[in-house]
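Come along and look things up with me.

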Amino acid sequence: MKTDAHTHTPLSKAARTDLRSRSLDFLRYPLAIVVLVVHTCSAHNFTNNGCDTDLLDFGAVRWLFLFVRAFLSDQSVPVYFFIAGYLFFLNISLTRQIYTRKLRNRFRSLLVPYVLWNLLAFAATLPSLPSPDAGMVVRRIGAALIGVAYEPDGLTFPADAPMWFVRNLMVMAAATPLLAWLLKRTGGWCVAFFGIVWALPATRHLGGWQLQEAVFFFSWGAWMSRSRREMMAEFGRFRRVSFAVYPTAAIAAALLSGPYPQAAFACKTVAIVSGLFFAYNIAAAIVSRHRTTAATRLAPAAFFVYSSHYIILAPTSRAVASIICPASAATGLAYYLLTAATTAAIATGAYAAMRRYTPRLLSPLVGGRI
């Protein structure tokens, strides 16, 4: 009988499934908060009373940004893609009927909220448009839904920028018959190929990095699920390794980012992959000892927080900056901390209030995740 890699006690199949489910639920909200923190710590230039301030000139803020980029940036979305691929193929054989049913479910759970959140984000920008005519509005709505390219990296973001993940997830869901065909004929070799394309500096920034990330991590999760590999057992096997490799690689990425950018890139790539194991093993260790945790109870709010925070962040940051003028190391750190905490509280509180008082209005915004 298999044992819990975290407690070394025998587990039944039902217990392993329950632990996996609770571990994944545990991860959802913290991963959304990680994305929120990364977006909070993206701007560092401020103008106060006509005086320009670059907060990176202050050592404490510079180290905060290094920490966020090394430990948090690009960590959440790969985990989300992996989980999505794993759950899509979990305990199924992808027939035409199952594929059709899953696409119908994704229409409600992904496409509807994707359109709604991007329209809300676009509406928030309308006051800044210079007397827009009907043609401009139509063109901008199209760009808001599909995404606008940012040079020179070629990344594309819709109006609600974090929803690029949902856009690419819908692409992967639509392409699952092709993915299933590839996995059937090549096994894990196609996943290894996708991983190489994603990881190599020469191919990672050809303009399709976002899709490369989606293909690799979604396919990895799909392969593990189709191979009937239990996530808890497979990831638990690398528990100690992940606890050592992830922080080591992240610290190395932070220290090398200035003098040795290529080495820092390689370390960050290792941190992203090992971070997947690290995140799941941390979650499994916590939920195996605590039947109910705050993060598990907050799991239903994760999608709302992920989808709404980018819209909430801009006005929140302006309000915080008017209270705490970020012009020193101490005020800079206080600004980022208060902005992130306030944005998270507003998004989580809005979800809780809508869930209680306007569930019908909330439901399409979260794809029925109530």
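**Entry 1: the whole chain.** I began by noting that this is a predicted model. I counted 17 helices and four strands in the chain. Next I looked up burial: of the 370 residues, 46% count as buried. Then I turned to contacts between residues at least 6 apart in sequence, and found that 74% of them join residues at least 24 apart.

**Entry 2: the cavity.** Rolling a probe the size of a water molecule over the atoms shows where empty space is left. How many cavities of 30 Å³ or more are there? I found one cavity by this rule. The volume of the largest cavity is about 30 Å³. I wrote down its lining as Leu24, Leu27, Val79, Phe82, Ile83, Met231, Phe235, Leu276 and Tyr280. At least two lining residues come from each of helix H1 (13-40), helix H3 (76-88), helix H11 (231-236) and helix H13 (261-289). Which helix gives the largest share of this lining? My note says H3, with three residues. By class, I recorded nine nonpolar residues in the lining, with no polar and no charged ones.

**Entry 3: the second largest pocket.** This pocket holds about 670 Å³ of space. I looked up its lining and got 22 residues, with Arg28, Ala84, Leu87, Leu169 and Arg369 lying nearest the centre. Helices H1, H3, H4 (96-125), H6 (164-174) and H15 (302-323) each bring at least two residues to this lining. Here H3 gives the most, with five residues. I sorted the lining of the pocket into 16 nonpolar, one polar and five charged residues.

**Entry 4: helix H13.** I wanted to check the length of H13. Its 29 residues should span 42 Å at 1.5 Å a residue, and the end C-alpha atoms are 40 Å apart, so the two agree. I also noted a kink of about 35° in H13, centred on serine 274.

**Entry 5: the loop between H2 and H3.** I looked at two residues here. Serine 73 sits in the loop between helix H2 (59-72) and H3. Is serine 73 buried or exposed? Its relative accessible area is 15%, and buried means under 20%, so serine 73 is buried. Leaving aside neighbours within four places in sequence, I found serine 73 in contact with Val38, Val68 and Lys268. Aspartate 74 has its place in the loop between H2 and H3 too. I put aspartate 74 down as partly exposed, because its relative accessible area is 33%. Its phi is near 65°, a positive value in a residue other than glycine.

**Entry 6: asparagine 91.** I found asparagine 91 in the loop between H3 and H4. Its phi is near 60°, again a positive value in a residue other than glycine. With a relative accessible area of 61%, asparagine 91 is exposed.

**Entry 7: glycine 368.** My last stop was the segment after helix H17 (359-365), where glycine 368 is found. At 28% relative accessibility, I listed glycine 368 as partly exposed. Glycine 368 and proline 113 are 255 residues apart in sequence, and their C-alpha atoms are 9.3 Å apart in space. Setting aside neighbours within four places in sequence, I noted that glycine 368 is in contact with Arg108 and Ser363.

Notes:
Residues numbered from 1 in each chain as written. Predicted model: local features only at pLDDT ≥ 70, side-chain atom pairs only at ≥ 80, totals over all residues. Heavy atoms only, no water. 1 Å grid on protein atoms, 1.4 Å probe; cavity = no way out; pocket = protein on both sides within 12 Å on 5 of 7 lines; lining within 4 Å. Points joined across faces, edges and corners; volume = space filled by probe spheres on them. Nonpolar A, V, L, I, M, F, W, Y, C, P; charged D, E, K, R; others polar. Expected span 1.5 Å × (residues − 1). Bend = angle between axes of the 7 residues up to and from the residue. Buried < 20%, exposed > 50% of the residue type's maximum accessible area, 1.4 Å probe, protein only. Contact = heavy atoms within 4.5 Å.
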